[in-house]
Every structure is written in C-alpha cells, then in structure tokens.
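Trainee: I would like to learn how to read features in a model, one at a time. Could we work through some together?

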Amino acid sequence: MTTVLTLQDIAPDFVKEVIHQGSDVFGKDSMDTINDCIQCGMCSGGCPSGRHIALLTRELIRLTQLGLKQEVLASENMWYCTTCYLCQERCPRRVKTTDIIRVLRNLAVREGHLSEAHRKILEIFEKHGHAIPINEEVKAQRRRLALSEVPPTVQVSDEYLEEVRRLFTSSLLAEVIR
Amino acid sequence: MNNTGVYVCHCGGNISDVVNIPQVVEFAKRLPGVSIVRDIEHVCSDEGQKIIREDIAEQGINRVVIGSCTPGFHEKTFSDVLSSAGLNPYLLEIANLREQCSWVHFDNPDAATKKACDLIAMATSKVALNEALEARTVNIGNRVLVIGGGIAGIQASLDLANAGYRVSLVEQEPYIGGNMARLARTFPTEDCASCILAPKMADIMRHPNIDVYTYSDIANITGHVGNFEVTLHRHPRYVDEDRCTACGKCAEVCPVSVPDEFEFGMAERRAIYLPHANAVPRKYLIDKNACTECYQCEDACTAGAINHEQRPEDITIKGDCIIVATGYELFDAALKQNYGFGRYKNVVHAMHLERMIVPIGATKGRFIRVFSDKKEIKRIGIVQCVGARDEQVGRINCSRICCMYGIKHALFVKKKIPDADVYLFYTDVRAFGKGYEEYYKKAQEAGVKFIRGRVAEIYETEKGNPVIRAEDTLSHRLFELECDLVSLSASITPHKGSEKLAHLLRIQKDSEGFFLEAHPKYRPVDTRTDGVFLCGCAQGPKDIPDTVAQAGAAASRAMSLMGTGEITLSPIKAFVSQACDGCGVCVEHCPSSAISLNGNALINEMLCDGCGACISSCPQDALGIRHFTTEQIMAMVATLLQNKKGVRVVAFADKTTTYRVLDSAGQQRIQYPPDIYSIRVADASQITPKMILETFRLGADGVFLGEPEAGSGIHHPKTIEVMVENVKKAKKMLEDAGIEPERLDYGLYITVWAQKLAGQLKALEKRVGELGELPEERIARLMEVSQ
C-alpha cells in the first residue's frame, strides 16, 4: 500500500516531545540521539524479537524522525520489543534505540494505546503486587534451599499489598487498564 | 635622540571627511620626540613615500608614525619605504585612523578626531620604544627525509629527486611498496597494481638522488627545519644485500615453515625468505624469531651472502625537511566481535580477498575457502563499513575506499565464477571519484546483489558456513543468508608507529589517530612543525589517485621551502631578559617546544612562532615578544589613559585575527562606541594577569582580550588555554580588590565575525558604563592585590 504523506500526517514537534518526555529518566543527551540515526538497519537486522514478529526498530525510529506521531503511537510494533538492549549496544551512531522505544511506549499509553499482553501484566500486578507472582514450584524450591517459603516482598502481608494497590490506583496505570 | 616624523593621511576623504586633520596635526606637534608632522592626501602614493624618504635623509627623522589605513593594508609598503631610506623597518608604527576610527565613528566627527589624536599619541609612545630588528636569513639545504616507502613516499621521493633534491627514503618493512605492493588491481580501471608500482620502485632504487633504507625504524628525531637529525635503527637481514642474488637456494633447504605475513597467513614461508615475489629490493632475509640456526642456508648459498652474526645498526641521517608518509594498517576486524572474524574460519578480511585475485598469490588467483576446505566459493557475502562510520569502535568517519574496493572484489568474484552469488551489504554506496559511479553500475549489471543494510551479526552453521544477519532496509525484509565465505571490508587505521612519530615530530593527531594538517583548507599537507609535511593515508583515508596527488603536493611544499637555499625568520620571537633565574617553568609552557634550559631559558628561534604563551608562565617576568614587548604595550596603555575623560575600554587584539576582525567591522561600517580602543598584540595569551591589572590601575574601566578561535589553524590551540587561564586569574584578583570582574571579558574569533565582536565590545562598554568609572580607592586596593 502506498501512503502519500502530507503535512496533516506530520506532527512537527513530535521529536521534541519524545526528547522532552524521556529526558528526565534517560537524560536529554540520550534522547537527542533520535536525530543521529542514519537508518543503517543494524538494529533491526539483529533484533532477536524482530526475527519472529513484525518489530522493525529502524522503522520505528524513522517514523519518529518524520513526526508521524499517530502512526508511531498506535503501532503494535513497539510492544514486541523485549528491551534486551542488543540494538542499543551495537548501534554505530550510538542511538539509544531501546531507551527511545521505552519513551515511545510511555507516550503511547498516554494516548490510550497499550498492547493487550502488557495490559494483562498490569492486571496481574494490581492483583498480586508482582508481575510474576510466586507459585507452588518456586515455593518448594525455596524450601529446599532452606529459605522462607515466600520472600520478604508484598506477598508476605496483605497490608503491604494494600499499600501497593493504593499507589497503583492513584497512578495513571490504573486508568490505563480499565 | 628620537626624531619622530608623524604623517597623517587624508585617504582621499576616507579619513579627512570625518576626522579634523588640522586639529590632529596641531595635537601631534606637541607630542614628545616629534619633530616633523605633515598631513598628506595619500601617504601611500609615490609622492607621499618620497616625502618620508626625504625627511629621513635630510631632516634626520629616525622613527616614523603614520596615521592612515590599517597596518594590515600598507605596513609592508611603509616599512619598505623606511628600508629604502636606510632606516630599520621596525622603527615604524601605524595609527589605524581609517578602519578603526573614521569608518566606525563616521556619525561622530568630534569623537573620531579625539580618538585619532589618541591613536597617534599611542603610536608615538610605542615607536619611541621600538627596537631595530633584523629578520634573520638562514641557509637551508636540499636534503629531505621521507618516512614511509609506500606509494605516497615513493611518489614524493621521485618528485623531489627529479627536481634535484637529495632524498633519504626510510621504510620499516624489508621491502618498499607498502600496502599497494599487496594489491592485485586498482579500482575503477582495474589496472594491475604492480604494473603501476614496479617501474616507480625501480626508479627509486636506481635514482642517484635517493638513498633507500629498508627494514629501518625511526629511533629518534632532533633538530628543526633546515637541520633535522634522524637516528635510524636498521634491523639485520642476516643476508649481505650486496652479495645476495635472490637465487632462492637458501629457502629451498630451510627446514622451518611459518605463516607468510605478506599473504596474511594464507600461505607459508621459510625462516629465510624473500618477502614476496616482486619484492624491492630483491634480497632475502632471515626471520630470527623462527630460525633454528641450523646453518643449512649458509652451506646452500654459493654467493656467501649469509651472515648469522649481523647486528642491528644505528645510523644518523640529516634532513632539511621531513615528509611523513607512514600509510595505514587495515582495521582489526576481530574488534567487531559480532562478525566472528578470527573465530570463524570462513570469515576473512578484505586483504585476504584482494590477495585471492593475484594469479601468483597464495591461492593462485582462485576464490576459495582458504582457511577451511579450500573449496571454490559459490556464495559470498561482502560486508561493508567494518570499523568505519562506527562509533562503537571510535571511528565516526567514513574510510572512503572500502565501497570501491568492495565493489571491485564483488566484480572479480563474478568475473572468475560467473554463477557465484555475490551479495554486498552496504550502509551507503559512496562512489565519489572519477569513474566510480560507472564502476558501481558495472557491478549491478554483472549481477552483484546490493543489499542496503548494515550487517548486524554473523554466526556459523554446523557445517562451518557463515550466516549473515541483516535487514534490507529498502524492502524492510530480514536476511538470514548462508554463505561459503564472508569478506569484511575493513577500514583504514593509522600505522601503529604513528604515536611515537607524532611525539618526535611535535605534530598533532586527529580524533581517529591520523596526523593533523596545519589547516584543512589552506595548508592541507603542512603540519604545525615547520619543515614537516604529510601525505597519503597517514593524514587520513584516501584512494591511490588522491594519495599520489597529495604526495606531489607535499614534495612541492618542501621544494618551495628549500628552493632559494635560504629561509627568512621573522624577528618577532620570544626573548629572555636578564631577570631569568633558570627555573624552567616556561619550557613546559611552550606549545612549539622552542624553549630549552641551559642555565637560563634559551629560545630556539627556528621553532618559536612568537605566540607569547610562555610569558605569563614566568615568575620573574623575564620573557617577552620582540616588537610586542610588555613595555611597549603598556606604554600605549599609559598614553591612552593619561588625562582620560570618561569611560575607556582597552581591547587587546591579537594581530592575526581579532585585529583584522576589527578592521573588517570598519570596512562594513559596523559601529561601536568610540571609547573602545584596540591595541594590536602578537597574541592575547601574552597579556598576563599582571598586565590586565596594570591596565585597570592606569585607569581603564573595562578590558577585553581577543584571540583566534580554536581550529582556525593560526596559533597553537594551547594559546587559547593560556589566555583563558590568565583572564580567570585576573578576574579573581579583581574580585579580591573589590572590582567587578565583569569589567573584564574575552572572545574567540574567526575573521568573518565582525558583527559578533562589535556586539561583544558594545555590551562590555555598556556594562562598564553602568558600573561607572573605577573609583580611586579601589584602584589603590588593586595595587595592593597585584603586589
């Protein structure tokens, strides 16, 4: 399918928005590297997820550079990233590819986009206070190692769990999953 | 007794339309030491020049002040006038009444006239202290040392030798020809590399003006332009070069086999060996690390050339100039770990593939899996940008030659094995040279598959086949391409010996380790060390045509330096006064390594470029720059500030850039307040914190220092550091005296920044105006602090 881009598709300040959004966490210098990408394809060429699914890191960076905000934020693409950081480690222009994807996800969530899988993880988190709650198998293993059955996290007390839930509800995350 | 003549120029109205000339003339007549004042329509005209000459001859005028256009314009004209009248040309000062007065203050004739008077007075006080200086001419010979015997060094040597210069060509390897000797064909014409190189190498060996030193390292270099002394360390060949006939009988009996470095390990050679089939000089040598000293070679040699007892030898040679042509090494592809070079037997580098083209090379001209099953290849992946455009290995820049040699390799595989699959993975194809795009198209037409994507990784199958992972960014498809062989098109890196050489020659290196030229545009083969020139890949990656052109340029620069047999040294150099106590602090401070210690500090005038960076380092104030001495500069400051009324800002402007920027402001009629006065100095780094404070003490309300921007190639970058440090120290001292440090400022300029400089000066003047004139009691405190 050929898409003709017009000015209506382009959010001219999108790159600035991404840089601004990510600067607190990753630093402005890291975020500025969006502009350094030369589309060589080294990131996508070696992406372990991209071999199996539709993720093309290079393309995501390109669309961001072009300011195609709606397309980027609505794309399912970025949710396939496992944040393994292989591409970021290799990038010959030192573009902080993985960091940038993480920031794009933040912006996507604000706009109401979230992958179903990630939404489910949040649900589990709300319920258990952990993305991956402890199970019987792990408990048995811990017993064998002479450790307490449940590690000293929110899982040991309903009181702690309640507190985590309170934090969760007061944050944006709670809205996102509903 | 000073008899100063002052000549005020009307400049055909350029000055006289704004400045009231009669008033300036009357003022000048009352200045100390002035015996004649004249105003002339055009001082620079024949008539004007004649008047000055007559005054010198008949009226006993022995110092001259000219109020005219900028010294940048006619200083040479007027100093020639003095010389022709028998007066030393340095007994001249020019007051800049046009560019820095009438042209910038055209809307305020009264202020311009007042300023013109001040400028004449300042020039008069300086000229009174000027010394008669002699430009020294020193003889220079015709000997050139060329370091590096690759195509760059060969070309430079031949150009020089053919013009009659004496050349010593030094090569580290036992043969000349460098990397080019290893190449099969050259892009895009596909001529045979040795066919180009062999005749040139033969010329080198038989040229009466060239001495060749192979298998020799540079152990040390001392001296300077006109007199470099170089110590060579010659490795023993253990074979008498004069006797060896290269019959090869020694190698036949040698029982030792080791990997052949010339073939990058694709073949083996003996411990006694000829470096390669076309080696020049065609002489055998023994690799003592491999040799078991069985002495069979000695018995086999009918010429009696073998000498196992040979010792290394240190030789000293002299050169008036040096040409650095140390070339390159291939980037170590093993550093890109994701490509598996060194781990996977079927991943080779570009030089391996290059040697496979050579009919007499290790593979006899066949493209095979040379390090595994030796089978002919049917599918090859050529990987571009290995160690180039890659910040992960510190190489941000393009290596310039790899695209074309990669295409050449692809074409030769296709030529040899027409049904082979040839995939070339690239980031961008940079086919910039003459005929290069045509060559690219030729490869497309030959069926080479160009994949636009940088290879992410290579892994090996159980059968030992390398698999390339990459995205074809044009089709958005991911490749997983199993090949018989992968060749890594590696970049060019500086020769590993260049670190030491940079130190010995006092030349700089760029961020990637290549030698830095004095200026990228107008001095592309010069270095910051006089008499040292660069060419070839030592200066940066380049192809053979560019290398040969640059070698010619370096030879020609050396010839133009030596051509007349003498070089003239400007007398504007650092000097050491009696006050020196030999502490030696300045030695480290000199960016040109021109100061040595022999009891007292000693300036080598061949090396000193008169920058002044040493001055502020001296605890005894014993250093200075001739014609721009501290005393002369401060005399101008004192003259300007005596009986001053209102605010005065003194701008010390370096003569090569900042002063010209101010002239340029005048030429563009960019205005700034008339109470800003520039004083031309050798370099702003010569203005010490003490001088800055003294300027305030004498009554300045603001002080400014201007210096060329780093990288402008004019002065050594270190002078900027020194100036900034001086300003910092002075600001601290001002604060201690209760004086606002914002009265002091500095700027770095390139010549086109007139608007910026004027703006900065205006801002300083405004700031100072708001702070007001410096009160007496704070000046008194300043005196205490500066003690």
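Trainee: Leaving aside its neighbours within four places in sequence, which residues is B:S68 in contact with?

Mentor: Before that, a word on conventions: this is a predicted model, in which local features need pLDDT of at least 70, side-chain atom pairs count only at pLDDT 80 or more, and totals for chains, interfaces and linings use all residues. Residues are numbered from 1 along each chain as its sequence is written, chains are lettered from A and ligands numbered from 1 in the order in which they are written, and side-chain values use heavy atoms, with hydrogens and water left out. Contact means heavy atoms within 4.5 Å, and with the neighbours within four places set aside, B:S68 is in contact with B:C9, B:I15, B:F78, B:I94, B:A95, B:N96, B:L97 and B:R98. B:S68 lies in strand β3 (residues 63-68) of chain B, where strands (E, at least two residues) and helices (H or I, at least four) are DSSP runs numbered from the N terminus.

Trainee: Is B:S68 buried or exposed?

Mentor: The scale is relative accessible area, with buried under 20%, exposed over 50% and partly exposed in between (1.4 Å probe, protein chains only). B:S68 has 2% relative accessibility and therefore counts as buried.

Trainee: Where is B:N465 placed, and which residues does it touch?

Mentor: B:N465 is in the loop between β24 (457-460) and β25 of chain B, and it is buried, with a relative accessible area of 10%. Not counting residues up to four places away in sequence, B:N465 touches B:R369, B:Y459, B:E460, B:E482, B:C483 and B:D484. B:N465 and B:K345 are 120 residues apart in sequence, while their C-alpha atoms are 8.8 Å apart in space.

Trainee: How many disulfides does the structure hold over all chains?

Mentor: A disulfide is a covalent bond between the sulfur atoms of two cysteines, and the criterion used here is a pair of cysteine sulfur atoms within 2.5 Å. Over all chains the structure holds one disulfide, which joins B:C192 to B:C195 with an S to S distance of 2.4 Å. The torsion about the S-S bond of B:C192 and B:C195 is about 90°, so this disulfide is right-handed. B:C195 is exposed, with a relative accessible area of 53%.

Trainee: At what angle do the axes of α5(B) and α16(B) cross?

Mentor: Axes are lines fitted to C-alpha atoms, for helices over the stretch in contact, and angles run from 0 to 180 degrees between N-to-C directions. The axes of α5 (residues 109-129) and α16 (residues 630-641) of chain B come within 8 Å and cross at roughly 150°. Angles under 35 degrees count as roughly parallel, over 145 as roughly antiparallel, 65 to 115 as roughly perpendicular and the rest as oblique, and α5(B) and α16(B) are therefore roughly antiparallel to each other. The contact is made by B:D118, B:A121, B:M122, B:S125, B:K126 and B:L129 of α5(B) and by B:E631, B:Q632, B:A635, B:M636, B:T639 and B:L640 of α16(B).

Trainee: What is the angle between α17(B) and α20(B)?

Mentor: Helix α17 (residues 658-667) and helix α20 (residues 754-771) of chain B pack at about 95°, with their axes 8 Å apart, and that makes α17(B) roughly perpendicular to α20(B). In this contact, B:T658, B:V661, B:L662, B:S664 and B:A665 of α17(B) meet B:A754, B:L757 and B:L761 of α20(B).

Trainee: How many helices and strands are there in chain A?

Mentor: Chain A has eleven helices and zero strands, and buried residues make up 42% of its 178 residues. In helix α4 (residues 57-66) of chain A, the buried residues are A:T57, A:R58, A:L60, A:I61, A:L63 and A:T64.
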